[in-house]
Amino acid sequence: MSWLLEKVNGGLVRVFLIVVALFWLVPTIGLLASSLRSPEDMSANGWWHVFSKPSQLTFDSYRKLLENGDITHSLWNTVLITVPATILVVVIGALAGYAFAWMEFPGRDWWFLIVVSLLVVPVQVALIPIAELFGKVGLFGTILGVILFHVGFGLPFAVFLLRNFFAEIPRELLEAARLDGAGELRLFTRVVMPLGGPAIASLGIFQFLWVWNDMLVALVFTKSGTQPITVALQTQVRQFGNNVDVLAPGAFISMVIPLAVFFAFQRQFVTGVMAGAVK
Amino acid sequence: MASPTAAGVPGTPAASAPRKSVTGTRRTVAALFLLPALVLLGALVVYPIGYSLVRSFYNADGSGFAGFDNYKAIFTDDGIRTALKNNVIWVVFAPTVSTALGLIFAVLTERIRWGTAFKLVVFMPMAISMLAAGIIFRLVYDQDPDKGVANAVWVGVHDTFARSSAFPNAHPGRESPLKPEQGGFLTTAAVHTGRTVALPLVGVAPDQMPDGAKSAVAAKPDPGKITGTTWQDFTRGKGVGRLGAPDPSELGYDGMRIEAVKDGKVVASTKAAADGTFTLPATADGARLRLPASNFKQPYNGVDWLGPSLVTPAIIGSYVWMWAGFAMVLIAAGLAGVPRELLEAARVDGATEWQVFRKVTVPLLAPVLAVVTVTLMINVLKVFDLVYIIAPGSSQDDANVLALELYRKGFSEGQPGIASAIAVFLLLLVIPVMWFNVRRLRREERR
Amino acid sequence: MRTTSNTIRTHRALTSLAALVAGALALSACGSSDKDKKDDGGNTTSAAPTSSVALPKLDGTTLEVAAVWTGQEQKNFKQVLAEFEKRTGAKVTFVPAQDPIINFLGSKIAGGQPPDIALLPQPGAIKQAVQKGWAKPLSADTVTEVQKNYSQGWQDIGKVGGKQYGVYYKAANKSLIWYNTKVFENAGAKEPKTWQELLTAAQAVYDSGVTPFSVGGADGWTLTDWFENVYLSQAGPEKYDQLAQHKIKWTDPSVKQALTTLAQVWGKKGYVAGGAAGALQTEFPASVTQTFTGGDQPKAAMVYEGDFVQVNIGETKAKVGTDAKVFPFPSVGSTAPVVSGGDAAVIFKDSNGAQALAKFLASPDAATIQAKLGGYLSPNKSVANSAYPNEVQRKIAQALIASGDDFRFDMSDQAPQAFGGTPGKGEWKDLQDFLQNPKDVAGTQAKLEKDAAAAYGSGS
C-alpha cells in the first residue's frame, strides 16, 4: 500500500519537476529563438512563430555582432578580470570565514555582522568615491582596479556564506587534526577548504557569473584597451532601437563561457557534493 | 531556543562562547586571516559609505551644508513612499518564494536520475546578465498577445471561452442615419414596411471582414416587410465613394445583428446576409433599428502585466526565476552535508517522507536556509536593474523601489545629496536583518 | 546582482541609424568620396584639397572623444575622426559613454581622466558642466569657425553666460510625422499641412478601418515632444521660450489651448492604437514598428517622432521612402513648428589638440563626411544639402536649415532633469496621466505647474 503511494508520489514529483523545468526554460528559449530571427521578423510577431516557420532561422544577428568591434580582445579582458576576481574572493573570503567561524578574538560576532550588513551597499553608491580614490593611486582605467572593485563587493557574501558553512564542520575533525600537530594554516588548507568544497564551489560559480556579467562597473572603470565583453556588446546597441537582435545574441555569446565553465567543473562540483556526503 | 536565559545573557562573545577556538589561536593569527578582507572592505565598501554619509548632509551641488534637509526630503516624497511600500512587498515575497522553491527543488531532485539536468535548467538564469534577463521578461510580458508569451497563452485560453465580434471598430461615417447608443448604434428615424433602410457604417478594413462577406447590394422594397442593407460604406483608395449607397467594391456586413426597437423593447431581430441585406417582418413597422453592442465588442487583449497594478508582482516573478537557482544550488550544497544516516534512521523508524523532510531535513538545513534567506533579503533591498529595465516608463512610478529611486535621484535628477540620504537609509534598513542574525548567532553558540 | 543600466529607454535628443537603413541608403549616396579611402601614410599633415578649415599639425598628440553613440553611428563618427587624424597627425580614440553622460563624465573626472571632448545631448548638461567647472570655453579661433557656419540660434544654445562652450555637431529634427504609405493610399488620405487637415486625414484613415495614430506613451518623452510641437506652433516661439524657462506658468491659457488641441487626437475614441491603456504600454520602438508591420492592416497609420524613427523602421520590412514616408508636423497656428534636438561637442581638457578637433567638428568638412554616410543631420548651414544620401534625409535637413533661427530646442531637454527627463516623474508622468484621461486639462495643468515649480525651484 505505502509502496503504491510512494510510486504515485514519485510519478507526481516527476510531472511537477517537468512542468517547472518548462516554466524555467520558456523565457530562455524565447531569447534563443529571438536571437535566431531577423529584427524584421521579430517586429512582426512573437518568437514562437519560428517553430511554424523554421525558414526564418538565421545566424545573421550573431554574424553581425561578431564582425563588429573587437569581441575577441574584449573577451580576453573579461577573462583577465573575472578569473582573478573570483579566485581572490574565494581565498580572501575563506580566510576570513574561517577566522569568523573558528577563531577567538574580541568582538568577533559584531565584526562579522558588520561585514554581512555591507551586502546592502548598492554599487552605484561607490562609483564616484572609488573613482576618485583610484584616480589618486593610479588604478583608474586599469584591469587591477576593476578586479579590486569586484573583490570588495564580492567579499561580504563570500564571508557570510563560508563562515556559516565552515561553522557546520564537526568540531571533532578539527580537534583531531589539531592533536596531530597541524598548525592554523595547515588546518585551513587540509581540513577546512576540502570540507567546505560544495560551498566554495557554489561561491566560486556565483562570483564568476556576477563579475562576468557586470557592465556598470566596467563601463566606469575601464578605458578603451581594457573593456570587457559586456561593454563591447553595449556599444553596439542602437539608440532608440528595440535592439533584440543585438541583446539576444549578445546574451548568448556571453552566456556560453560561464555555462561551459559550469559544465567543465560539474564533475568537481558533483564530487565536491559527494565528498561532503560521505563524511 | 528553549533556554530561559536566552534573553538575559547578551554578554560578550568571550563570556558566552562555547564554540571556542579549537586551537586557542593567538590574536595575531586571527588578525592575519582577517586582514586582507577587512582592508579591501574598508577601502572599497566602507569608505563610500562614509562618503555618502557626509554627502547626505550637503545640498544638491555639494556647496553648502544642508543639515537634515535631504532626510526630510526623502520622507515627504511620494515616490519614496511608494518605493518603501514596494520594498516591503519585495522583502516579504521575493526571498521567501525563492528560498522555498529552491528548497523544494533541491530536495526533490536529490533522488531523481535527471536531477542534475533539472538543476542546470533552473540554475541557467543565474548565468544571464540582468540586462538580458530584463529583455527576456519584457518579451514575456509584452502586452500584445501576438508578441508576449504570457498574454498569448492567456488570450488563447480566454478566447476558447468567449469569442470577439467581427466589427469592433465600425462606426457611423458622415451624415449617417445612425447615432451611437449604449455601445451600439440606433437609427434616428423610425422604419416602415415597404421601404428600404440603409445602415452604412465605416471603419472595418476589407481584410477584417468576415470571410463570407460579398459585395453589398441595395435592398429591394417588399410591401409587407422592412428591407435594408448594412455595409461598409468605404471604398478602398477613394473614401466613402457614394455616400449612403453601396458602391461596387463595398462589402456587406455579413452576420451583423439587427434589432427593431419600439418603446425600449425589441420587437423583431435578424441577421444580415453575406451581401449585407436583411429583412424584418411587419411587426417592426414604426420601430427604430438598432445594431446592438454585441456586434462591436473589442477583441480581448489580455492582461496588462506591466500596468500599474500588476507590475511589481510581475517583476518579482522574474526575480524568482533568476534567483531560485541561487537558493537551490546553495541548499543542495548544504544538503550534501546532511548525514545520510540520520535520514535513513528516521525512515527506518517509519517516518513518512514528509515527516523526514519536516523533522530532519529542514532543521538540519536551517543554517543554510538562513544564509540564503538573509542574502536574498538584503539583495532584494537593493534590487534595481530588473525594475529599471522591465517596468515601462508609464508604470515605473508604481514599480518604484528604493534603489531605483536612489539611481534616479543621483544619476538622472542631479540630487546626489538626496541619493546619499537614501543610501544611508538603506543601510539603516539592514539593522532588523542584522538583529535577527545576532540572535541566531547567539542561539547557535549556545547549542 | 549588481550590473547594468540600459540605454534602451533613455531619452536623448539624438538620432542614429540602424546598420540596415544606413547600408541601404548609402547605396544611393552620390559618387565615391575620396575621404572614405584609407590612408596609411599617417604623417600627411597638410590639409587635403577639399579642406575648408585650417588645422594645426598635431603629431604625437593623443585625444579622447566621448559620446553615447553606438553601432553604425559610432562607426560613421569614427570615420570623421579618422579624417582629423589624417589631416593633423593626432591620434584620436573614441570612448563609448553611457547616458546620462554627465554622470558618466563625473566618474571619469573623479578618476582624474576626463576625455578631451565629450558630446553632450542636452543644453542643461552643458550648463551643468560649466557650473561644475568641467567644461572649458572654446578658443577665439574655434569660435570664429562656429560663427561662420552656424545660425545665431544654434550658436546661442551652445553658450553659457555669454561664452561659447558647445559646438552643435549633430542635430535632430523632431517635427516629423511618419506614415504608412499603403494605408494612406487605401484611405485616400493626403499629407496634411495644417492641424485641421491632419484631423481630416486621420478620420479618413479611421473610416477605412485602420487606427490613425500610434503613440509610444510608455516613454514619456514622446508625449512631451508631441506637446512641444503643438505648443510651439500654436503659442509661438516667444511663449515657448518663456515656458521653457518657466517664466510663465503651466496654468497659462496657452497651455490649456495646446492640451485641448492635443486631446483632439489623444482623446478621440479609436484614434490611438490600443487605446490609452495600450499606448501607455507601448514603448517608442514598438510604436514605430507596429505602424510599419502588418501589411495593409498595421496597428496604426501614423507615428509622430523625429528623424531617428528611421532606425526603427529599419527593424521592420518597410522601406523608408516607399513604404514609409514622412511629412513635417502640420501647423497648428500660423506656422509649422520646428522642434529640434542635438549633440554639442564640449571641451573637457583644454589643449591645442582639443581646440583643433572642436574647430574641425564645427567645420562643414566633418559634417559632410558623416552626412554622406547617412543617418545624420547637421545643423551646420555650410553643409550642402546634396551631401545627404537620399530624398527623405534631404527633405528633413532642408526643413531644419530652412527654419533658420525660428527652430526651438526640445523644451523638456532644457528643463531640469527632474521635470523634463526622468521616467515616471514630472512632465513625462503628467502627460502620461493626461493621455490616460484627456478630459482633465485643468488638473493636468495644475500637476504640471506643481512639478515644474518644485523642479525649477530647486535650481538643479
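How many Å separate the centres of domain 1 of chain B and domain 2 of chain B, taken over C-alpha atoms?

## The model and its domains

The structure is a predicted model, in which local features need pLDDT of at least 70 and side-chain atom pairs count only at pLDDT 80 or more, while totals for chains, interfaces and linings use all residues. Residues are numbered from 1 along each chain as its sequence is written, and chains are lettered from A and ligands numbered from 1 in the order in which they are written.

In chain B, domain 1 covers 27-142 + 306-446 and domain 2 covers 178-296, with bounds that come from an automatic or database domain assignment. Taken over C-alpha atoms, the centres of these two domains of chain B are 62 Å apart.

## Domains within chain A

Chain A is assigned domain 1 (2-58) and domain 2 (65-278). Their contact, where two residues count if their C-beta atoms, placed from the backbone, lie within 7 Å, takes 6 residues from domain 1 of chain A and 6 residues from domain 2 of chain A. On the side of domain 1 of chain A that touches domain 2 of chain A, the elements giving two or more residues are helix H1 (2-35) and helix H2 (39-44) of chain A; helices (H or I, at least four residues) and strands (E, at least two) are DSSP runs, numbered from the N terminus.

## Where chains A and B meet

In the contact between these chains, 78 residues of chain A meet 75 residues of chain B. H1(A) gives the largest share of the side of chain A that touches chain B, 12 residues. That side of chain A has 54 nonpolar, 15 polar and 9 charged residues, where Ala, Val, Leu, Ile, Met, Phe, Trp, Tyr, Cys and Pro count as nonpolar, Asp, Glu, Lys and Arg as charged, and the others, Gly among them, as polar.

A nonpolar core is a set of buried Ala, Val, Leu, Ile, Met, Phe, Trp, Tyr and Cys residues joined through C-beta atoms within 7 Å. The largest such core holds 328 residues, of which Ile331(B), Val387(B), Ala118(C) and Val346(C) touch the most other members, and its largest share, 20 residues, comes from helix H7 (residues 311-336) of chain B. Leaving aside neighbours within four places in sequence, Val387(B) is in contact with Ile315(B), Ala399(B), Val401(B) and Leu404(B). A second, separate core of 31 residues includes Ala170(B), Leu199(B), Ala260(B) and Leu291(B).

Notes:
Buried ≥ 20, exposed ≤ 12 C-beta atoms within 10 Å, placed from the backbone.
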